[in-house]
Amino acid sequence: VGFRGLGKEGAVTFDEFVRAEMGMLTRFAGALAGDRYLAEDMLSDALLKVARRWRRISAMDDPAAYVRRVVVTTYLDDRRKAQRRRTAPSADVALLDRPVADPADAVVERAEVIRLLAVLPPQQKAAVVLRYLLDEPDERIAGALGCSTGTVRSHLSRARATLRLVADGEGVSA
Amino acid sequence: MNLDELRDALGAHDPSPNAVLAELGRKRRRGRQRMAAASGGLAVVVVIAVVVGAIAARMSTGTPTAASYSASGAGGAASVPAASPAERGSGVAGPNGADRTAPLPGSSVRQGSPQLGPQGAQGSCAAVPLQAAIASAVRGGASVIVATGALTGKSASGNPATAGAPAFYAMTLSSVRTLRGPAIASGSTAWIPGAAAGTASSVSSALLAPGGQLFAIVSPRAVTHDLVGPTLRLAPIVGGDVVFTPSGCWDLTGLQPSQYQAATPLRPVPSGALVNAASQPAESGLYTLPLATVEQIVAKA
């Protein structure tokens with residue numbers, strides 16, 4: 001899913017790369033940020049960093065993987081800054097277990113999922129996005145997050161608990 | 001919650017690609033503007049630094065004027081020029097005020113005034129008449145003496161930029177008679193500024209009479225930034241006459257000096273060919289005044 005395909009095509013220009021990958025980049029950034037405007041700001045910041053280093057990045061084996069890592073790093077940095085500026089969201093997991101007011105209402109249901117995603121710690125959320133949106137394996141998620149695969153599995157396990165998801169092979173069920 | 005619900009929620013906030021590209025373009029433009037502003041600021045700083053450096057270098061090596069001579073003299077003896085001996089001209093200003101001596105390429109060394117350190121100015125001597133020079137030196141803490149000097153053989157290397165000369169040669173003073181300023185005791189050691197050994201020509205170096213009798217302005221130790229002790233701006237005494245040499249950068253304007261006619265050879269410091277009346281260059285002559293006349297000038301200064 002996205003972010004792949006350029007491989008060693010180091011000859012591509014930054015603009016060509018962005019055109020080819022913009023769809024997935026926006027999807028990825030939107031999922032991470034949980035807000036389209038924040039996502040625009042974050043993704044443009046990340047691409048600005050990439051543009052400055054494009055000559056070196058384009059020569060890498062997998063420039064898309066590196067760009068993905070830059071996006072994740074930018075997201076994590078933004079979250080750290082935001083936590084210093086704003087009131088921290090509740091970390092009370094019990095709050096997440098409150099029954100939904102009207103489970104039959106799809107809109108409310110979606111809002112509840114979004115709310116649950118919003119309270120995930122940034123590292124866990126990034127792991128969830130990479131796994132369930134981009135279908136990335138643990139190794140690539142670990143590369144993007146700059147941690148071990150064991151840590152990735154830990155992030156995903158905790159996130160699933162928070163989201164009340166249960167891993168079932170490759171799928172996830174309620 | 002199932003996977004579809006999760007993916008649906010994750011994809012609910014996709015930004016517009018066009019909006020991202022527009023934002024990226026804005027940020028790149030701002031970055032270029034900041035870079036240009038920073039470059040401009042840096043350029044301004046560099047220009048200012050260069051200008052300040054040039055002014056500072058000019059102040060430390062520049063030719064002194066009569067005004068600066070007086071000002072520095074009144075303030076003491078701390079200012080030291082940075083000109084190297086090779087850059088300086090030489091000469092004794094004759095009775096009409098004109099510099100009678102042509103610069104000697106790469107060879108001139110002068111004993112300086114107390115105000116300007118042991119070395120003279122770059123390119124030409126300061127046009128300060130003898131009496132005014134003595135008065136200024138005394139105000140700066142210098143002494144004016146008649147004594148007998150003998151080189152000790154000791155020397156010290158100096159940085160022309162900080163000490164005023166590339167080398168200093170120690171001299172022991174005896175039979176000292178202090179004419180003005182703080183008394184100088186017999187047996188004191190003072191230092192003659194000069195070129196590094198082997199680089200000075202005879203006529204442009206400080207000259208010593210065979211018996212070592214000399215007239216001198218003794219500048220305080222601070223003139224050389226404490227590199228060595230007090231320094232000498234000397235003129236040898238031969239047969240009751242003070243011989244004003246090119247190295248002293250003396251200005252005899254308004255006086256009635258005579259050209260040095262004696263056959264007595266004068267010995268340059270630290271070494272070089274002996275100088276006498278016959279060997280002195282036509283345009284870089286040695287001029288004399290009777291010691292009694294000089295003492296009267298000193299007394300009136």
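Which residue forms a salt bridge with Asp135(A)? In this predicted model, where local features need pLDDT of at least 70, side-chain atom pairs count only at pLDDT 80 or more and totals for chains, interfaces and linings use all residues, the partner is Arg7(B), with the closest N and O atoms 2.8 Å apart. Arg7(B) lies in helix α1 (residues 3-10) of chain B and Asp135(A) in the loop between α7 (122-133) and α8 (138-145) of chain A, so the pair joins two chains. Residues are numbered from 1 along each chain as its sequence is written, chains are lettered from A and ligands numbered from 1 in the order in which they are written, and side-chain values use heavy atoms, with hydrogens and water left out.

A salt bridge is defined as a side-chain nitrogen of Lys or Arg within 4 Å of a carboxyl oxygen of Asp or Glu; helices are DSSP runs of H or I with at least four residues, numbered from the N terminus. Over all chains, 12 salt bridges are found. Asp138(A) takes part in a salt bridge with Arg131(A) (2.2 Å, N to O) and in another with Arg153(A), for which the closest N and O atoms are 3.5 Å apart. Arg153(A) lies in helix α9 (residues 149-163) and Asp138(A) in helix α8 of chain A, so this pair ties together parts that are 15 residues apart in sequence. Asp138(A) is buried at 14% relative accessible area, whereas Arg153(A) is partly exposed at 46% (buried, under 20%; exposed, over 50%; partly exposed, in between; 1.4 Å probe, protein chains only).

A network of salt bridges links Asp41(A), Asp45(A), Glu23(B), Arg26(B) and Lys27(B). Ser44(A), in helix α2 (residues 36-52) of chain A, is buried, with a relative accessibility of 0%. Its side chain reaches the backbone oxygen of Asp41(A) at 2.8 Å, and a polar contact of 2.8 Å joins the side chains of Ser44(A) and Lys27(B). A polar contact is a pair of N or O atoms within 3.5 Å; within protein, one must be able to donate a hydrogen and the other to accept it, and residues adjacent in sequence count only if both atoms are side-chain atoms. Leaving aside residues up to four places away in sequence, Ser44(A) touches Val20(B), Glu23(B), Leu24(B) and Lys27(B), where contact means heavy atoms within 4.5 Å.
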